[in-house]
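This report describes a protein chain as a whole and then turns to selected elements and side chains. Please keep the sequence and the model at hand while reading.

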Amino acid sequence: MTIGLASRAAVSTCALCAAGLLALAPAAATAGTVADPAPSPGSGARAAPGAGAEAGVAPDALLYRSGTQVRPRAGAPEVPELSARSWLVADADSGEVLAAHDAHRRLPPASTLKTLFALTVLPVLPADVRHTVSEEELTGIGPGSSRVGVAEDLTYRISDLWNGVFLSSGNDAVHVLAALSGGWEATAQRMQDKAHALGAHDTQVESPDGYDAPGQVSSAFDLAVFGRAGLRSPDFVRYCSREEAMFPGRDGGSYGIRNTNRLLTGSDGVERYPGIVGIKNGYTSNAGHTLVAAAHRDGRTLVVTVLNPLWGGGNAVYEEARTLLDWGFDASGRVDAVGSLDALRVKPLPGPQARPTPAAVPAARGREPERPGTWTVTGAALLAAMGVALFLRLRWGRTVPD
């Protein structure tokens with residue numbers, strides 16, 4: 001078919017339009033898709049160790065300084081003197097850190113790392129599912145580990161195993177749950193990813209149960225971040241605040257287990273803290289005694305972390321946490337924040353959530369797969385052909401034959 005002068009002009013016009021669209025499309029397709037860079041611990045936040053809190057210093061920078069950091073107003077209670085190597089007290093609702101001592105000091109966390117384990121694994125294992133434990137799932141548990149008594153060839157509900165994790169700090173229960181959620185190493189990597197997403201950059205996960213392992217560390221800041229995140233999960237709160245539960249035994253029987261967090265249960269010489277929510281305690285010979293605790297009073301919830309008190313025996317971690325909670329509630333409205341638990345958290349971009357990207361179609365005959373959301377040469381050619389067809393239909397009342 002011969003196309004007249006007017007038709008040639010139309011074709012040229014459509015081709016130019018297509019070329020223009022092709023040139024502009026990649027820029028348009030990528031506009032607005034650049035993600036905010038994730039904040040890092042070194043992005044202007046670190047300050048010289050030993051410096052005090054002075055005017056003009058960004059509050060979050062104070063948390064990277066050594067020593068105790070607090071910004072009292074007139075009439076504020078004096079911050080307590082504690083023996084812990086590191087501690088922090090924060091408002092669980094706002095995330096504001098009210099005071100801290102060596103908040104980002106990297107120390108072994110012991111079983112308080114199970115808070116991160118729970119944040120990572122709880123959402124992927126339905127509580128009512130039953131599982132028969134294999135011998136392989138109980139291998140590799142460190143000598144001297146705390147156990148709840150998980151036995152091979154015995155069937156447990158997932159909720160039973162979580163009771164074992166939170167109440168008895170059972171490393172055997174952690175091993176089984178980790179096996180069910182992808183394996184030991186995969187779980188450790190997912191925990192690492194979860195920590196970074198929450199803005200906890202001091203944490204290095206080597207053993208998901210918190211057992212001492214070379215290089216495994218966390219900080220008072222990170223553990224407070226995990227504790228606060230847990231308070232937003234009804235399942236997490238239900239387990240971490242539970243004082244007693246029945247655990248399956250052999251021959252269809254069961255036995256009672258009791259939470260080892262003395263601040264929650266009021267046992268072994270420690271009084272129960274009024275309004276205590278719970279969370280998680282820990283101990284290893286390398287880490288010493290560690291604790292993440294939360295309590296609610298007068299419409300406020302505080303979260304505290306206490307790592308390795310240097311004197312006072314096994315109850316010191318609970319008594320120092322009590323002192324911090326008392327101070328935090330008393331200091332309400334009378335101190336300025338020295339930082340935020342959200343300071344390093346990866347925040348989503350404003351606007352609608354991004355849709356999942358479809359899997360790329362495998363390349364055929366040497367061609368690269370087309371990227372979703374961008375203009376391609378094929379698309380531009382089709383647009384040009386549609387323009388020609390529209391012109392010819394208007395000019396002669398028919399379309400170009402196939």
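The sections below give the basis of the values, the overall figures, and then a few local regions.

## Basis of the values

This is a predicted model, in which local features need pLDDT of at least 70 and side-chain atom pairs count only at pLDDT 80 or more, while totals for chains, interfaces and linings use all residues. Residues are numbered from 1 along each chain as its sequence is written, and side-chain values use heavy atoms, with hydrogens and water left out.

## The chain as a whole

The secondary structure comes to 11 helices and 12 strands, where helices (H or I, at least four residues) and strands (E, at least two) are DSSP runs numbered from the N terminus. Of the 402 residues, 47% count as buried, a term that stands for under 20% relative accessible area, with exposed meaning over 50% and partly exposed lying in between (1.4 Å probe, protein chains only).

The accessible surface of the chain is about 20000 Å², and 55% of this belongs to carbon and sulfur atoms; such areas come from the Shrake-Rupley method with a 1.4 Å probe, and for residues only the protein chains shown count as cover. Among contacts (heavy atoms within 4.5 Å) between residues at least 6 apart in sequence, 64% join residues at least 24 apart.

## Strand S3 and its partners

Strand S3, residues 96–101, is largely enclosed by the rest of the structure, because five of its six residues are buried. Two strands are said to pair if DSSP finds at least two bridges between them. S3 runs antiparallel to S1, to which three bridges join it, and pairs in the antiparallel sense with S2 over four bridges. His-101 of S3 is the bridge partner of Thr-68 and also of Trp-87.

S2 and S3 form a hairpin with four residues between them, and Gly-95 in the turn has a positive phi of about 85°. A further antiparallel partner of S3 is strand S12 (residues 339–340), joined to S3 by two bridges, with Val-97 opposite Gly-339.

Asp-91 belongs to strand S2 (residues 84–91) and counts as buried, at 9% relative accessibility. The side chain of Asp-91 reaches the backbone nitrogen of Ser-94 at 3.0 Å and makes a polar contact with the side chain of Arg-300 at 3.1 Å. A polar contact is a pair of N or O atoms within 3.5 Å; within protein, one must be able to donate a hydrogen and the other to accept it, and residues adjacent in sequence count only if both atoms are side-chain atoms. Leaving aside residues up to four places away in sequence, Asp-91 touches residues including Glu-96, Leu-98 and Arg-228.

Tyr-64 lies in the loop between helix H2 (59–62) and strand S1 (68–72), and is buried with a relative accessible area of 11%. Tyr-64 and His-104 are 40 residues apart in sequence, but their C-alpha atoms are 6.0 Å apart in space.

Helix H3 (residues 114–121) is mostly covered, with eight of its eight residues buried. The elements covering these buried residues include helix H4 (158–168), helix H7 (220–230) and strand S8 (276–284).

In helix H10 (residues 316–330) lies Arg-322, which is buried with a relative accessible area of 14%. The side chain of Arg-322 reaches the backbone oxygen of Glu-271 at 2.5 Å and makes a polar contact with the side chain of Glu-319 at 3.0 Å. Not counting residues up to four places away in sequence, Arg-322 touches Leu-263, Val-270, Glu-271, Arg-272 and Tyr-273.
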